[in-house]
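Here are my notes on the structure shown below. Please read them with the model open beside you.

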Amino acid sequence: PEFPGCYDDYDMEGDFEPSLASIIAQDSLRWVFVGGKGGVGKSSTAASLSVRFARTYPQKRVLIVSTDPAHNVSDAFCQKVNNDPTAIDGFDNLWGMEVSAPAIIAELKAKQQERKAAAETEPATGPLGELMSVFDVFSLLGGKSGGSVPGLDEVLSMQRIQGIVRDQSFDLVVLDTAPTGHTLRLLSLPETAESLVGMLRTFEKSAGSMMAPLAGLMGGDPSAMFGEAIGTAIKSLESVVEVGRQFRNAELTTFVCVLLAEFLPVMETERLVQSLMRFEIDCHALVVNQVLPTPTGDHQCALCAARSRMQAKYLAQIEELYPDFHVVRMPLCPAEIRGLDQLTAFGEMLVTPHDFSQ
């Protein structure tokens, strides 16, 4: 589909830089993060990329996951997507999913209460490591520390994603991430998981007295059985560390930064890119959304001309800051990027800059 009308009288030559074609062509990718400041078009970019991947690789199972508390995947595809993979209309190899840490925690709490209620009527048997979930262990740990366990939301979210990717054999995951601060916590999961392992080992040494109330429910030696539960939790956390290793492998993972040609998004993107370098996560592409063309001829809208001059200043800064990046300039479109037709058109421009002069 075209985006007609708005740019017919503008000279678009030279306004677009290289595309994301090299990312689409990288057959080895398993994780593609799309992130940046809130409100810059991350969801539109991520959804369009997922459509492009699904059509480029019909043999692959592609999953787009939103980790942003303000989910937009449902809005982008104009269909309901929830906490489990939902088939995207028009595809047999693309699914969408919106991960909510509060929803995961609520679900785990409900299961925790079910186990407690069942134990009150019929004492449970078997190893405690099998009868307690990782969430149960961290609930005890959080109670001991007087609050929630730092990083638990991100760990539970990633465990949920990882489990679904493994169990349903997804080949490629596109992550529509939360604004930068949340995303950096997600990307620091290996360090978070290692820290939680340390907390668990410390907690295990002083857990005997805390396990006493469970002895009547579970039977046996509480300390020994709790050690099994700790071992289960540690094993689960080690799987998160393994995913972190994949994130650091440029053959498997890349990060696409999305921004606007404005002061705050440019500054936040610079901090994000520096953080990605510190985490050793590949990032070599930027998508600059809502770029206005340079006005030409007699059509001089004062507002558009002023905005174009402002953007030109920041676009020059972006080119100077990222000489080795694929910097993709996307035009301000006259229509919302919603629905398969618009996502397809947007995705085409991510790969092949659209010539509005035609």
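1. A definition comes first: a disulfide is a pair of cysteine sulfur atoms within 2.5 Å. In general terms, a disulfide is a covalent bond between the sulfur atoms of two cysteines. A search of the whole structure finds 0 disulfides. Cys 257 is in no disulfide, and the nearest cysteine sulfur belongs to Cys 283.

2. Some ground rules. This is a predicted model, in which local features need pLDDT of at least 70 and side-chain atom pairs count only at pLDDT 80 or more, while totals for chains, interfaces and linings use all residues. Residues are numbered from 1 along each chain as its sequence is written, and side-chain values use heavy atoms, with hydrogens and water left out.

3. On confidence: pLDDT is the predictor's confidence in each residue, from 0 to 100. The chain averages 81, and 75% of the residues score at least 70. Over residues 1–16 the pLDDT is below 50, and this stretch has 37 contacts (heavy atoms within 4.5 Å) beyond near neighbours in sequence. Residues 125–131 also stay under 50, with 18 contacts beyond four places in sequence. Where pLDDT is low, the predicted coordinates should not be read in detail.

4. On the overall fold: the chain has 14 helices and 8 strands. These are DSSP runs numbered from the N terminus, with helices (H or I) of at least four residues and strands (E) of at least two. Of the contacts with a separation of 6 or more, 79% are between residues 24 or more positions apart.

5. On burial: buried means under 20% relative accessible area, exposed over 50%, and partly exposed in between, with a 1.4 Å probe and protein chains only. Of the 358 residues, 51% count as buried. Both cysteines from point 1 belong here: Cys 257 is buried at 0% relative accessibility, and Cys 283 is buried at 12%.

6. On aromatic pairs: rings of Phe, Tyr and Trp (its six-membered ring) pair if their centres lie within 6.5 Å; planes under 30 degrees apart count as stacked, over 60 as edge-to-face and the rest as tilted. The count comes to 5 aromatic pairs. One of them joins Trp 31 and Phe 247, edge-to-face, at 5.4 Å centre to centre and 85 degrees between the planes. This pair links distant parts of the chain, 216 residues apart: Trp 31 is in strand 1 and Phe 247 in helix 11. Trp 31 is buried at 2% relative accessibility, and Phe 247 is buried at 1%. Another pair is Tyr 322 and Phe 325, which is tilted because the planes are at 55 degrees, with centres 5.0 Å apart. Ring pairs also link Trp 31, Phe 33, Phe 247 and Phe 255 into a cluster.

7. On Arg 61: a charge sits over a ring if NZ of Lys or CZ of Arg is within 6 Å of the ring centre and within 35 degrees of the ring normal. The charged end of Arg 61 sits over the ring of Trp 95, 4.3 Å from its centre, and over the ring of Phe 170, 4.8 Å from its centre.

8. On helix 7 (residues 152–167): 13 of its 16 residues are buried, so helix 7 is largely enclosed by the rest of the structure. Helix 7 is followed by Ser 169, whose phi is positive, near 55 degrees.
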